[in-house]
Amino acid sequence: MGTVKFEARIKELVEGLPDLAELAEPLLIVRRTLREQISILHRRLLAVVRRLMTVPGVGPVVALTYRATVDVPARFRNSKVVGTVFGLTPSRYQSDEINRPGAISKCGDEMMRAMLYEAAHIMLVRLAKWSWLKAWAMKIAKHRGMKKAIVALARRLAVIMHRIWVDGTEFRWTREVTTA
C-alpha cells in the first residue's frame with residue numbers, strides 16, 4: 001500500500017474521532033519522514049557497493065556483507081590472501097609421511113563465507129549469461145565436481161571483489177587479450 005493510500009485510509013478511519021485524529025496526524029508525519037530517510041540511506045548504501053555488484057551473482061546483501069567484513073582493504077598485502085582469511089582454502093592433514101588436502105579450513109567469518117558460497121552457487125546454477133569466470137568454474141566442475149567448483153569460485157569471487165574495491169574498476173565479462 002502506497003504512502004498516500006495509507007495516509008488517506010488512516011484519516012478515513014479516524015474521521016469521526018477527533019481525539020484519535022489529533023494523535024494520528026503527528027504519527028503520519030513521523031512515518032513519512034522516516035520513509036524518506038530510509039530511501040536516502042538506501043540510495044547511499046547502493047552507491048557504496050555498486051561496483052562490487054557488477055560481479056555476476058553478487059547482489060546488495062553480498063556486497064554490503066563483503067564491505068563490512070573486509071572493512072579496510074589495505075590490511076591485505078595482496079588480494080589472494082582474502083580467500084584464505086574467509087576460510088575458503090583447503091586445510092592440510094600432515095602426519096609423518098602423509099600429506100593430503102582436506103576440506104576447506106572454515107577459518108574466519110562464517111557469514112561472509114556463506115555469502116560468497118551462495119553468490120558462487122547462483123552464478124553457476126541460476127545465471128544464464130556466461131562470462132570467463134563462469135567458464136573457468138564450469139571447467140573445474142567438469143573435472144572435480146560441482147561443490148568443489150563452487151568453493152573455488154567463491155574464493156575467486158573474494159579475490160576479484162577485493163581487486164575491484166582497491167583498483168576502483170568494474171567486473172569485465174570477457175578477458176581482454178593483450179598483445180605484446
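These are my notebook entries on one chain, taken from a predicted model.

**Entry 1: elements.** I began with the secondary structure and counted 7 helices and 2 strands in the chain. Read from the N terminus, the order is α-α-α-α-β-β-α-α-α. I then looked up how spread out the chain is. Its radius of gyration is 24 Å, while the globule rule gives 16 Å for 180 residues, so the chain is more spread out than a compact globule. The C-alpha trace spans about 85 × 45 × 35 Å along its principal axes.

**Entry 2: burial and surface.** I looked up how much of the chain is covered. Of its 180 residues, 29% count as buried. The accessible surface comes to about 12,200 Å², and carbon and sulfur atoms account for 58% of that.

**Entry 3: contacts along the chain.** I took the contacts between residues at least 6 apart in sequence; 56% of these join residues at least 24 apart.

**Entry 4: charges.** I found 31 positive and 16 negative side chains in the chain. The centres of the two sets lie 14 Å apart.

**Entry 5: Thr89.** Where does Thr89 sit? I found Thr89 in the loop between α4 (81–85) and β1 (90–95). Is Thr89 buried or exposed? Its relative accessible area is 19%, and the cut-off for buried is under 20%, so Thr89 is buried. I then listed its contacts, leaving aside neighbours within four places in sequence. Thr89 touches Gly83 and Thr84, then Ala103, Ile104 and Ser105, and also Arg155.

Methods. Residues are numbered from 1 along each chain as its sequence is written. This is a predicted model: local features need pLDDT of at least 70, side-chain atom pairs count only at pLDDT 80 or more; totals for chains, interfaces and linings use all residues. Side-chain values use heavy atoms; hydrogens and water are left out. Helices (H or I, at least four residues) and strands (E, at least two) are DSSP runs, numbered from the N terminus. The radius of gyration is taken over C-alpha atoms; the globule rule is 2.2 Å times the number of residues to the power 0.38. Buried means under 20% relative accessible area, exposed over 50%, partly exposed in between (1.4 Å probe, protein chains only). Contact means heavy atoms within 4.5 Å. Accessible areas come from the Shrake-Rupley method with a 1.4 Å probe; for residues, only the protein chains shown count as cover. Lys and Arg count as positive and Asp and Glu as negative; His and the chain ends are not counted. The place of a charge is taken as NZ of Lys, CZ of Arg, CG of Asp or CD of Glu.
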